[in-house]
Amino acid sequence: MTPLHLSEDRYFDPTPKQKEIAKHLYSRVATLPLVCPHGHVDPRLFADPDYSFGSPTDLLLIPDHYIFRMLYSQGIPLEKLGVPRRDEGAVEPDHRAIWQLFAENFYLFRGAPTGMWLRDELYTVFGVEEKLTGESAQDIYDQIAAKLASPDFNPRKLYEQFNIEVLCTTDAATDPLEHHQAIRNSGWGGRILPTFRPDAVVNMDMPGWRDNINALSKISRIDVTNYQRYIQAIENRRAFFKTMGAAATDHAALTAYTEDLSPQEVEAIFQRALKGVASAEDANRFTGNMLMENARMSIEDGLAMQLHVGSYRNHNPLIFERFGLDKGADIPLQSEFTRNLHPLLNKYGNDPRLNLILFTLDETTYSRELAPLAGHYPALKLGPPWWFFDSLEGMKRYYTQVMETAGLHNTAGFNDDTRAYPSIPARHDLWRRASANWIAGLAAQGIVDMEDAEEMIIDMAYRLAKKAYRL
Amino acid sequence: MTPLHLSEDRYFDPTPKQKEIAKHLYSRVATLPLVCPHGHVDPRLFADPDYSFGSPTDLLLIPDHYIFRMLYSQGIPLEKLGVPRRDEGAVEPDHRAIWQLFAENFYLFRGAPTGMWLRDELYTVFGVEEKLTGESAQDIYDQIAAKLASPDFNPRKLYEQFNIEVLCTTDAATDPLEHHQAIRNSGWGGRILPTFRPDAVVNMDMPGWRDNINALSKISRIDVTNYQRYIQAIENRRAFFKTMGAAATDHAALTAYTEDLSPQEVEAIFQRALKGVASAEDANRFTGNMLMENARMSIEDGLAMQLHVGSYRNHNPLIFERFGLDKGADIPLQSEFTRNLHPLLNKYGNDPRLNLILFTLDETTYSRELAPLAGHYPALKLGPPWWFFDSLEGMKRYYTQVMETAGLHNTAGFNDDTRAYPSIPARHDLWRRASANWIAGLAAQGIVDMEDAEEMIIDMAYRLAKKAYRL
Amino acid sequence: MTPLHLSEDRYFDPTPKQKEIAKHLYSRVATLPLVCPHGHVDPRLFADPDYSFGSPTDLLLIPDHYIFRMLYSQGIPLEKLGVPRRDEGAVEPDHRAIWQLFAENFYLFRGAPTGMWLRDELYTVFGVEEKLTGESAQDIYDQIAAKLASPDFNPRKLYEQFNIEVLCTTDAATDPLEHHQAIRNSGWGGRILPTFRPDAVVNMDMPGWRDNINALSKISRIDVTNYQRYIQAIENRRAFFKTMGAAATDHAALTAYTEDLSPQEVEAIFQRALKGVASAEDANRFTGNMLMENARMSIEDGLAMQLHVGSYRNHNPLIFERFGLDKGADIPLQSEFTRNLHPLLNKYGNDPRLNLILFTLDETTYSRELAPLAGHYPALKLGPPWWFFDSLEGMKRYYTQVMETAGLHNTAGFNDDTRAYPSIPARHDLWRRASANWIAGLAAQGIVDMEDAEEMIIDMAYRLAKKAYRL
């Protein structure tokens, strides 16, 4: 048996001086509670005290597009990985066979963050001490399955074990938040908060927008027949989310375009959309207008405003048609913030009551646009490296390209942004180690003293996220 | 008291082998004279032998937008930092209180170049040995104030103490250069040279262009009523600057667009501008045309030509209206050089008499456009990392993304680009240390031998700047 | 005499732990055969058993635009370097004088990959142990000339000495491949394969396209009077190249634009081109259409498809007019893949029979577009860092920006892409050392174990290239 390789000094620079400082700094934060202000864990996990994760394959492979996209890129059909088809066509039913196929191809993940997280998760959460290969696959499957069957292994118990302080989910504007309500009613002490994500009722070019407007009318009890009522309904939902503990809103947009539409223009566009005749240009301008509106609302209700820019969703139509959304086929685009955000920042950027937290899939904007903007506007903060850049090298680029100009205190700490609940500790640990290593580099180069270094690591591991989201 | 932390090995890689070489290389250049071919120090400092810097806050905080932008980004109003309002509205008058506020927030500058320069400046120029915090603030204020009051602490004495060999200022085309004249007349031996910056009479979209043309007519004694006379007036001023010792011109443009307008077109645009009816398109084309004209003039009169591209000036209208220009609200834009400079390089790029020195705020152009262009065209050189990238990590990116392709000798050494006179030694020292460290890395990896390494560090610290600006 | 400095540990990180691992990994692949799936070596070298390289200057300087562009950038006319003029005007005839001039300016190549390759080549291929300077120039010239005169120094003997396993050339669609035929007929055992490059009959905006179509008619014996016959002729040539051993096609395009033109549209464009009235827009769309067609053909005939995007060819008209193509005046442009490749990937991206290998001159596309695309689509692989980025720092950026997201197995190993035959071992050695060093960094940071590290280095040095090109 080849032992699973999980060094205690992992992710630290091999230079002795830097590594020594990194270890020291990491030791200051390794056991701090996890603050999770943005992610996609299903609140049902915590609403149902008897929630079961299913098989190891159910838990770790089938829902994780970070993992199956890599196997798919090497020619393995998603059907063979058990990913359900929209037409309910046949997919591999044997979860052990899927696991075996994954294990035999686990070499594809050498050096990839998915591999690093999974290795950590297997060891730390499931107690696996063997390297995952074709030979060890079934043995490890058994170990995971045994853990999953144990009474201690349920979402609420893991919440304690993971030392989570707060975990925010992401929820549609029209979501009744019944699971969040059930969690509250259950008397369980975990802090699971909803996040208001209105994309489905904002982006007119999304399939189903009209239906979503109907759903918005229904749940808000405001008949959304014009723009004014639409805004009232949005405000109504934000207020409800806030009573349910929400700390933030979240907005995904193809670009960072913002525009303050005149009342006449916005009403005309909205009416065209209700009739199903809005153009792509209408949709783009309306989204830009709604970013302005939501910034205004955030100033009023105090919810942090997250903006995720630049993902070309469903780039592969065959995969979308056969398997649906979120199947590893979303590809980044070039992005621009300096001009696009100008209208919004012009109007609200000087207001420190606004906490607008930006995320990008175009790393060229780090040093060119985002750091200079965040280093000036009181309303702006930068979120951590997102998606493809939530990785060791992605973090190194972020630290070196953002921090000098933006300043650490204009960043928003870490969030794990994951739907893979058991991977949360591994993700935070990677960030904490990478942060400790970066600060150790600063200390070893004489840029900061140890007093500052110790403050910085606590900021990065814990305090900045709480501050940016006012948690 | 916490001591101010200023390691003798600062900014060197912690790997022992590289650090040892870096220290050796740095020792070869640490005391070489400072060549300052581009910056914004006010020539009045040297014209008036009794010039006073005012209070520590006057000197170090109120004029430095690198510093107050960071405080502003955290919600501290500029009024509280003593930044004067254009409407002469009330701002904090107590310089000790401003200094206290700054010191209490100095943690914001951890890892930022501003923090690194200031720490160095406090220690090296002002003899401060205590870390700047809220507790030590008043004590340090006293120490700086005492220095400022001492007879040895005036701009001319500091010029000697800093070991400056030459310092170029930046001056409007219509500037009579009376301070430069006064310096010459004074018999003082320092070498303070003007730089010809015609932006205010070139960029038609700048406020006051028409007034600036009037001023140009007046000072050149050429009645600028058409394009031909305009060009004559520009040439007249360049010639005057040259008699005053100028080594270079400087041009700021939103883009690197160049175009050779026909005599008819350029006259039509110029006439529209004189009548106040030029369009944005006119302004852009005219600027592009004037870059061509100035390149031609540079070939004729031998002045180096600096081109700074890509800053969206005054991105924050509220700050601009209340406080004016240069208040930390200038944000970079994406830039393009390959197509935009094609007309200029097509016409003048093969002429080795031209020294066109390029500066970018878009680091993606380093490896993609600027290094390949500079590695081919005899007329091109690359300026050092500019503004937000004048930092340790900015320099590292510049070295690794530019040098392999452009070659060291197609770069222009360092310039400090600062209006903060006492920060000059710290800025050059950071460049020299970063350069020594980079070359040490090459030597430690067996890329260059020590003989080459020693030549390279002298080039970077001293010779390349003199050569590019023919100083 | 200053010894030539060629450390055994060159290009490895100076950190002892990383260097030790890097040396170990490098030792595993240092002597593996060289797989050369893409390059520009002239097949005549191998067709003629008595081929002579000419003088040292003929071999090393006059044909190598990587070298003379750097000298030109410093104001040395190409005529002084013996580069032949199209008008047959006078150029320096004295090869010793040219070599002397080069040697005196060899300091320009400090830190540049060209300098690193040449140093390695001088030592390893020519046995030179002295540093190249003005003083040593003639001595070294003599040593090289002596080697060139020796009977062991001919292309076929070097092929064995270099331990080349396979070497692919790049050949026009209309090339009769007579040299390849002669190699086959000679009975010599070296494996020299043609590569099908149809650019000259595809890109309508290239000078001579109409003549090339005539040549295509002639060699294919298909009268290319319409689009259907044009496609037949292309297919005919691909089939011929395949019988001659071709493993791949190669396509150069200004952008990655792809489009499936309707039969009517494509015929109309083709007819306009035959009449010499096609527009730039026509040419762009036609190229995009032909990328689609060639992808289809690659699925059918199994040839790997290489796509090189983003070079603005002949940026300097003066150089082009006087000296022609490939004179160091090709400059990169911003590139975009996510939208541009969408039509092609939509149609063929899910087909694992296609091996589309992408090359970019815009490094910003690595992490933003190329790695996410390659990490999803079965038909996509990423080629190694190209041209200006085929360098130590270019490789480091490639590894850190590509590998985490794409995964190593979605990359295509190394190719040397050179016309400078004797530089091939130095180029592969640089890649192998850089790869070993990168993997050693992963191992030293606890990201991969040594078992994985040893697999990875063999993949990068040898196996991935063979797999991607099915060699």
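Q: Which helix supplies the largest share of the side of domain 1 of chain A that touches domain 2 of chain A?
A: In this predicted model, 18 residues of domain 1 of chain A contact 18 residues of domain 2 of chain A. On the domain 1 side, helix H15 (317-323) and helix H19 (424-444) of chain A each supply at least two residues. The largest share, 5 residues, comes from H19(A).

Q: How many residues of each class does the side of domain 1 of chain A that touches domain 2 of chain A have?
A: The contact takes 18 residues from domain 1 of chain A. By class, that side has 7 nonpolar, 4 polar and 7 charged residues.

Q: What distance separates the centres of domain 1 of chain A and domain 2 of chain A?
A: The domain assignment of chain A gives domain 1 as 16-51 + 154-468 and domain 2 as 54-151. Taken over C-alpha atoms, the centres of domain 1 and domain 2 of chain A are separated by 28 Å.

Q: Which helix gives the most to the side of chain B that touches chain C?
A: The contact takes 40 residues from chain B and 41 residues from chain C. Helices H1, H16, H17, H18, H19 and H20 of chain B each supply at least two residues of the chain B side. That side divides into 13 nonpolar, 18 polar and 9 charged residues. With 7 residues, the helix that gives the most is H17(B).

Q: Which helix supplies the largest share of the side of chain C that touches chain A?
A: Here 40 residues of chain C are in contact with 42 residues of chain A. Helices H1, H16, H17, H18, H19 and H20 of chain C each supply at least two residues of the chain C side. By class, the side of chain C that touches chain A has 13 nonpolar, 18 polar and 9 charged residues. The largest share, 7 residues, comes from H17(C).

Q: What kind of axis relates chain B to chain C, and which C-alpha of chain B is nearest the axis?
A: A rotation of 120° with 0.0 Å of shift along its axis superposes chain B on chain C, with an RMSD of 0.0 Å. That is the relation of a three-fold axis. In chain B, the C-alpha nearest the axis lies 3.3 Å from it and belongs to B:Thr15.

Q: Why do the copies meet through different surfaces?
A: The answer rests on how many interface residues of chain B are also interface residues in chain C. The copies meet through different surfaces because that share is only 5%.

Technical notes:
Residues are numbered from 1 along each chain as its sequence is written. Chains are lettered from A and ligands numbered from 1 in the order in which they are written. This is a predicted model: local features need pLDDT of at least 70, side-chain atom pairs count only at pLDDT 80 or more; totals for chains, interfaces and linings use all residues. Two residues are in contact if their C-beta atoms, placed from the backbone, lie within 7 Å. Helices (H or I, at least four residues) and strands (E, at least two) are DSSP runs, numbered from the N terminus. Ala, Val, Leu, Ile, Met, Phe, Trp, Tyr, Cys and Pro count as nonpolar, Asp, Glu, Lys and Arg as charged, and the others, Gly among them, as polar. Domain bounds come from an automatic or database domain assignment. Copies are superposed by least squares on the C-alpha atoms of residues with pLDDT of at least 70 in both.
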